[in-house]
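Me: I would like to learn how to read side-chain contacts in a model. Could you take me through some?

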Amino acid sequence: MKMAIEKAQKVGVGIVSMRNASHIGFLGYYTDQAAKQGMLGITFTNTEPAMSATGGAEPVLGTNPICIGLPTKTEPMVVDMATSIVARGKIIEYERNSKPIPKGWALDKDGLATEDPTAALAGSLLPIAGPKGYCLAFAFDILTGALAGASVGNDVKGTVRPEKVCTKGDLFIAINPQMFNGSEDFVNRVEHLAEQVKSSKKAPGVTRILLPGDPELMTREKRLQEGIPINEKLWQQLTERK
C-alpha cells in the first residue's frame, strides 16, 4: 500500500499486486494508510475455498473480501466486507460458544441448509445477495490471484490452515483525489453524502442511521474503555505452550 500511495502521489492512481505473502489480517489496516493521507484506499484479497457458487454444494471460492477506505475530515470511513454472507471467523466464534448460526448463512457438506456451525465449517458459506455475491467473489479471485500470478479457487492454500507457503494474492489501490477534482472538494462531497444518509428518514424503531465503519468505531471505543472479551476456549488456545 505504501508503494501504491507513492505512485498515486505522482500520477493519481497507484495499483500494486502481490503474491507469496502471509495471511493479510484485516484489510482496513491497509486502506487506512491511504485514507489518512487524503486518498481512497482499496484492498482486495482471496482466501482458501470456503464458499459455494450459486447452485453449488461445495466450497470452491474464498470469502474474497474487499475494503474501501474514504478520507473524511475526521476518521476514515471504511467499507470492509467479505463476499460471503458472513466471515468464516464468525462461524468459528459461534462454534466456540456452542451456539447455532442464523438461518441462511451456510450449507453442510451435502449442500443442505444448516444452523450447526460445525457442519457449516465442514460445508460451505453462502454468498451475499445470492448470484451477485458469487460473481463478485469470482471476479475478486481473478483481481487478486490471477493478476498477481498467485493461486485462485481450490488452489489457494495457507489462509485458513497452516501451510509452508501461502498462495493467495492481494491487490492494493490508492487513488489521489487531488489529481481529479481536488482533495478538498472530494472530502466535502463525502461529508455531504454522509450527512444526507444520517439525516434521512429513519425506519420505525431506529434511533440512528450508521455510516460505513461506524459499528467498528463504536466497538473500538467500547473496547478501549472496557477491555476486550475473549472466549475461554480461544484464550486457552492462545496461551497454550507448544
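Reply: Happy to; we will look at ring pairs and then salt bridges. This is a predicted model, where local features need pLDDT of at least 70, side-chain atom pairs count only at pLDDT 80 or more, and totals for chains, interfaces and linings use all residues. Residues are numbered from 1 along each chain as its sequence is written, and side-chain values use heavy atoms, with hydrogens and water left out.

Me: How is a pair of aromatic rings described?
Reply: By the distance of the centres and the angle of the planes. Rings of Phe, Tyr and Trp (its six-membered ring) pair if their centres lie within 6.5 Å; planes under 30 degrees apart are stacked, over 60 edge-to-face, and the rest tilted. The count here is 5 aromatic pairs. One of them, Phe 44 with Phe 140, is edge-to-face, at 4.9 Å between centres and 65° between planes.

Me: Are Phe 44 and Phe 140 buried or exposed?
Reply: Both are buried (under 20% relative accessible area; exposed is over 50%, partly exposed in between; 1.4 Å probe, protein chains only).

Me: What counts as a salt bridge?
Reply: A side-chain nitrogen of Lys or Arg within 4 Å of a carboxyl oxygen of Asp or Glu. The structure has 7 salt bridges, including Arg 161 with Glu 48 at 3.0 Å, N to O. Glu 48 is buried at 5%, while Arg 161 is partly exposed at 47%.
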